[in-house]
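User: I would like to learn how to read side-chain contacts in a model. Please take me through them one kind at a time.

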Amino acid sequence: MNKYPAQRELGKVQQEKTFPGTSLQVGLGCLKSEPSKALFIMVTVPILVIFLCSIKHVMLLKAEWRQTRIPAILPHDTVTLEKAHFQGKAKLEVTSPCELECHKRAPLPTYEDLKEYLSFETLYLNGSRTLTSVNIYSFNSVNLLNKQHYSSGRRTKRQVFGLDGRFSILAKNFLLNYPFSTSVKISTGCTGILVAEKHVLTAAHCIHDGKNYVKGAQRLKVGFLKQKQKATNQTNSIFPEKPRLHWIRVKRTHVPKGWIKGSANEIGMDYDYALLELKRPHKKPFMKIGVTPPRGRMPGGRIHFSGFDNDRPGDLVYRFCLVKDETYDLLYQHCDAQPGASGSGVYIRMWKRQSRKWERKVIGIFSGHQWVDKNGMQQDYNVAVRITPLKYAQICFWIKGNYVDCRDG
């Protein structure tokens with residue numbers, strides 16, 4: 001395992017403007033230095049070129065962003081609700097009565113179910129709220145059948161599995177640069193990720209407990225890392241100074257009814273996401289959202305995310321890990337995490353053929369450490385909510401306000 005995965009992750013940025021696979025040039029340079037092997041070169045090089053090009057093609061085929069047919073989710077009717085009471089208590093761990101096999105056995109939702117779950121509640125700065133019902137167009141429910149065919153795997157048993165695989169990002173040249181700079185802190189104690197000029201994606205349970213908005217949601221804020229200005233010239237300290245947070249108030253919050261209706265049960269877990277709209281643009285790079293590919297098409301089967309884990313106050317903590325199992329709506333993985341990382345944006349990096357460059361996209365929301373009551377016994381694992389085509393359509397509409405701009409997943 002790479003000892004410095006954060007440096008490796010940022011180092012990839014320097015390679016994104018070039019096409020991968022420069023080892024052939026190095027190999028040819030070595031061969032040219034030995035004229036006595038000219039015949040060997042004539043025979044070997046064409047084979048080597050074909051072999052490397054084939055390998056390159058296969059790698060790109062497995063790790064390439066693909067066009068996804070995105071349905072349209074359009075508002076049908078909006079009604080005003082009574083003002084929010086903010087009586088909920090923010091919980092950074094979620095309890096669910098339904099574990100992995102339970103999710104796989106669950107009946108497929110009907111069209112009317114999906115319309116109900118994807119309807120959404122909007123909370124405004126003054127505490128007022130509305131409920132918007134939706135209609136769904138161009139969605140084939142046959143796609144949901146795939147959720148019955150995901151391979152089974154071994155569930156995780158602990159928040160930290162064996163040796164702790166998390167890495168605190170301390171160096172300023174990493175911490176304040178993309179992609180780590182897209183991670184933000186939510187004032188209720190969670191993490192979020194920047195997905196547009198004024199929008200932050202996070203977990204719904206950081207805002208709403210399934211029945212009520214949490215107390216901290218009344219004056220919800222988003223914190224951005226900002227390096228302190230030092231009075232001295234000691235810029236190369238072994239122990240870098242902790243960055244401070246610059247806060248921006250949240251203007252509007254969207255939560256899907258699937259979470260509120262589910263109240264963190266087997267349905268609610270699938271809809272544990274929320275979108276926050278800031279009062280003003282943050283003026284920082286953000287990461288686009290994308291539809292979650294099957295784990296077999298994820299590079300190395302791995303996901304990445306950074307969050308503000310509670311056991312490392314003031315640190316941004318990065319990790320990457322294998323996805324061990326999946327359902328249509330959830331990813332089950334071995335990512336080491338602690339409370340506070342909930343709401344982190346789960347992302348992967350793949351090749352985008354249209355622009356001929358590597359691109360990172362948010363493909364999930366880390367829901368966190370979740371307890372399951374199975375036959376009276378407590379079990380635990382870490383889970384992330386997948387961005388399905390329906391969820392992509394909904395989140396994109398919340399951001400752009402126009403379904404026409406949400407056709408490319």
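This is a predicted model: local features need pLDDT of at least 70, side-chain atom pairs count only at pLDDT 80 or more; totals for chains, interfaces and linings use all residues.

User: What counts as a salt bridge? And what are helices and strands here?

Analyst: A salt bridge needs a side-chain nitrogen of Lys or Arg within 4 Å of a carboxyl oxygen of Asp or Glu. Helices (H or I, at least four residues) and strands (E, at least two) are DSSP runs, numbered from the N terminus.

User: Is aspartate 329 buried or exposed? What about lysine 391?

Analyst: The scale is relative accessible area: buried is under 20%, exposed is over 50%, and partly exposed is in between (1.4 Å probe, protein chains only). Aspartate 329 has 8%, so it is buried. Lysine 391 has 2% and is buried too.

User: How many salt bridges does the rule give?

Analyst: The count is 9 salt bridges. Another of them joins glutamate 326 to arginine 386, with 2.5 Å between the closest N and O atoms. Glutamate 326 is in strand β13 and arginine 386 in strand β17 (residues 377-386), so the contact ties parts 60 residues apart in sequence. Glutamate 326 is buried at 4% relative accessibility. Arginine 386 is buried as well, at 3%.

User: Where does arginine 353 lie, and where is glutamate 64?

Analyst: These two form a further salt bridge: arginine 353 and glutamate 64 have their closest N and O atoms 2.9 Å apart. Arginine 353 lies in the loop between β15 (345-352) and β16 (357-374), and glutamate 64 in the loop between α3 (38-62) and β1 (72-81), so parts 289 residues apart in sequence are tied together. Arginine 353 counts as exposed, at 51%. Glutamate 64 is buried, with 9%.

User: Next, disulfides. How many are there?

Analyst: A disulfide is a covalent bond between the sulfur atoms of two cysteines. The cut-off used is a pair of cysteine sulfur atoms within 2.5 Å. That gives 3 disulfides. One joins cysteine 396 to cysteine 406, S to S 2.1 Å. Cysteine 396 lies in helix α8 and cysteine 406 in the segment after α8, so the bond ties parts 10 residues apart in sequence. Cysteine 396 is buried at 3%, and cysteine 406 is buried at 2%.

User: What is the handedness of the link between cysteine 190 and cysteine 206?

Analyst: Their sulfur atoms are 2.1 Å apart. The S-S torsion is about -95°, so this disulfide is left-handed. Cysteine 190 is buried at 0%, and cysteine 206 at 1%.

User: Finally, the rings. How should I describe an aromatic pair?

Analyst: Give the distance of the centres and the angle of the planes. Rings of Phe, Tyr and Trp (its six-membered ring) pair if their centres lie within 6.5 Å; planes under 30 degrees apart are stacked, over 60 edge-to-face, and the rest tilted. The structure holds 9 aromatic pairs. Among them, phenylalanine 180 and tyrosine 318 are edge-to-face, 5.6 Å centre to centre with 85° between the planes. Phenylalanine 180 is in the loop between α6 (172-175) and β6 (183-186), and tyrosine 318 is in strand β13 (residues 316-326), 138 residues apart. Both are buried.

User: Which residues form the aromatic cluster?

Analyst: Tyr117, Phe120, Tyr271, Tyr273 and Trp398 form one cluster.

User: Where does the charged end of lysine 361 sit?

Analyst: A charge sits over a ring if NZ of Lys or CZ of Arg is within 6 Å of the ring centre and within 35 degrees of the ring normal. The charged end of lysine 361 sits over the ring of tryptophan 65, 4.9 Å from its centre. Lysine 221 does likewise over tryptophan 247, at 5.4 Å from the ring centre.

Methods: Residues are numbered from 1 along each chain as its sequence is written. Side-chain values use heavy atoms; hydrogens and water are left out.
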